[in-house]
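Please consult it alongside the sequence and the coordinates.

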Amino acid sequence: MDRARGAAQLSSGPATAQAPKTITFPSTDSLPITADVYAPLPPSAPFIVLFHRAGASRGEYRQIAPRLVAMGFNCMAVDQRSGDAVNGVPNQTAREAKHSPQPVSMISARQDLEASLRYARAHYARGKLLAWGSSYSAALVLVVAGEDRGLVDGVLAFSPGEYFPVAPGRPTLVTDAARAIRVPVFITSARSESNDWQPIFAALAPSLRRAYVPDAEGRHGSGALWKEAPGQEGYWQAVRGFLNLRFPRTK
């Protein structure tokens with residue numbers, strides 16, 4: 001069910017800014033997922049589903065989503081079951097999970113990603129659908145793109161890695177999935193983390209992959225795009241270049 005959160009705040013210009021609308025919908029195992037929807041643009045606009053890092057919430061995207069809207073993308077920022085709070089926004093899905101019998105590990109959050117992407121496709125996106133992940137969810141969006149082909153049209157992964165060595169017999173789960181990805185992929189991270197995802201990047205089709213490694217140290221996860229993050233504009237330029245090349249918007 002949808003719960004409106006605040007009145008729309010409109011601004012001048014080709015893209016409208018808007019306070020997010022908070023919604024809930026079920027995960028694959030019926031756990032309620034909370035998400036913020038930033039969708040003032042026509043449904044034909046590309047749609048990005050945004051997933052947070054470990055110990056965080058949909059609040060990771062409070063600065064980022066409005067800027068993506070201004071670039072021509074509708075967005076939905078999702079609380080996964082594995083997380084806590086960030087930027088003053090508590091993770092409602094994680095709170096629900098603590099009082100439920102469902103598993104709450106990072107790997108079990110994969111079903112939250114898949115349910116969110118399917119919900120976005122069914123209720124919002126009429127154009128291209130992109131999955132955007134941060135840290136552990138960056139790894140999961142790559143797994144989903146490779147193992148559930150056809151679900152997404154593109155991927156942006158901020159600080160991915162092989163974060164799931166406990167997966168039975170699959171210590172290279174993310175790299176193995178990357179070999180099967182057939183959509184454009186953008187990968188970035190802090191400079192010191194770039195070796196963590198090089199095997200994943202190498203497994204992607206060369207014609208589909210693009211990477212950005214900052215000159216300075218940068219920052220882990222999607223927080224690299226926050227206005228207070230050192231070098232954030234370099235990350236934004238790289239993101240914009242990838243999106244403009246692979247997902248051009250109609251004027």
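A residue is called buried when its relative accessible area is under 20%, and exposed when that area is over 50%. At 15% relative accessibility, Val-183 therefore counts as buried. The model is predicted, and every value below is computed from it. The chain contains seven helices and 11 strands.

**Overall dimensions and surface**

- A compact globule of 251 residues would have a radius of gyration near 18 Å, and the 17 Å found for the chain agrees with that expectation.
- Along the principal axes, the C-alpha atoms occupy a box of roughly 45 × 45 × 35 Å.
- Buried residues make up 54% of the 251 residues of the chain.
- The accessible surface of the chain is about 10500 Å², and carbon and sulfur atoms contribute 53% of it.
- There are 28 positive and 20 negative side chains, with 6 Å between the centres of the two sets.

**Helix H4 (residues 136-147)**

- The 12 residues of H4 should span 16 Å at 1.5 Å a residue, and the distance of 17 Å between the end C-alpha atoms agrees.
- H4 is largely enclosed by the rest of the structure, because 11 of its 12 residues are buried.
- The buried residues are Tyr-136, Ser-137, Ala-138, Ala-139, Leu-140, Val-141, Leu-142, Val-143, Val-144, Ala-145 and Gly-146.
- Ser-135 lies in the loop between strand E8 (129-134) and H4, and counts as buried because its relative accessibility is 8%.

- In helix H6 (residues 194-203), the buried residues are Ser-194, Trp-197, Ile-200, Phe-201 and Ala-203.
- The cover over these buried residues of H6 includes H4, H5, E10 and strand E11 (209-212).
- Helix H7 (residues 232-246) has 15 residues and reaches 21 Å between its first and last C-alpha atoms, close to the 21 Å expected at 1.5 Å a residue.
- Buried positions in H7 are Gln-232, Gly-234, Tyr-235, Trp-236, Ala-238, Val-239, Phe-242 and Leu-243.
- These buried residues of H7 pack against H1, E8, strand E9 (154-158), E10 and E11.
- In an α-helix there are 3.6 residues a turn, so residues three or four places apart point the same way.

**Val-183 and Val-185**

- Val-183 is located in the loop between helix H5 (173-178) and strand E10 (185-188), whereas Val-185 belongs to strand E10.
- Beyond its neighbours within four places in sequence, Val-183 contacts Val-152, Asp-153, Gly-154, Val-155 and Leu-208.
- Val-185 counts as buried because its relative accessibility is 1%.
- Not counting residues up to four places away in sequence, Val-185 touches Leu-142, Val-155, Leu-204, Leu-208, Arg-209, Arg-210 and Phe-242.
- Val-185 and Gly-72 are 113 residues apart in sequence, and their C-alpha atoms are 19 Å apart.

**Ala-56**

- Ala-56 sits in the loop between strand E4 (47-51) and helix H1 (64-70).
- With 1% relative accessibility, Ala-56 counts as buried.
- Apart from neighbours within four places in sequence, its contacts are Gly-83, Asp-84, Ala-85, Val-86 and Asn-91.
- Ala-56 and Leu-208 are 152 residues apart in sequence and 29 Å apart in space, C-alpha to C-alpha.

**Backbone angles at two serines**

- Most residues other than glycine have a negative phi.
- Ser-30 has a positive phi, near 80°, and is placed in the loop between strand E2 (21-26) and strand E3 (32-38).
- At 54% relative accessibility, Ser-30 counts as exposed.
- Ser-135 also has a positive phi, near 60°.

Note on methods
Residues numbered from 1 in each chain as written. Predicted model: local features only at pLDDT ≥ 70, side-chain atom pairs only at ≥ 80, totals over all residues. Heavy atoms only, no water. Helix = DSSP H or I, 4+ residues; strand = E, 2+ residues; numbered from the N terminus. Expected span 1.5 Å × (residues − 1). Buried < 20%, exposed > 50% of the residue type's maximum accessible area, 1.4 Å probe, protein only. Rg over C-alpha atoms; globule rule 2.2 N^0.38 Å. Areas by Shrake-Rupley, 256 points an atom, 1.4 Å probe, with all protein chains shown as cover. Lys, Arg positive; Asp, Glu negative; His and termini not counted. Charge placed at Lys NZ, Arg CZ, Asp CG, Glu CD. Contact = heavy atoms within 4.5 Å.
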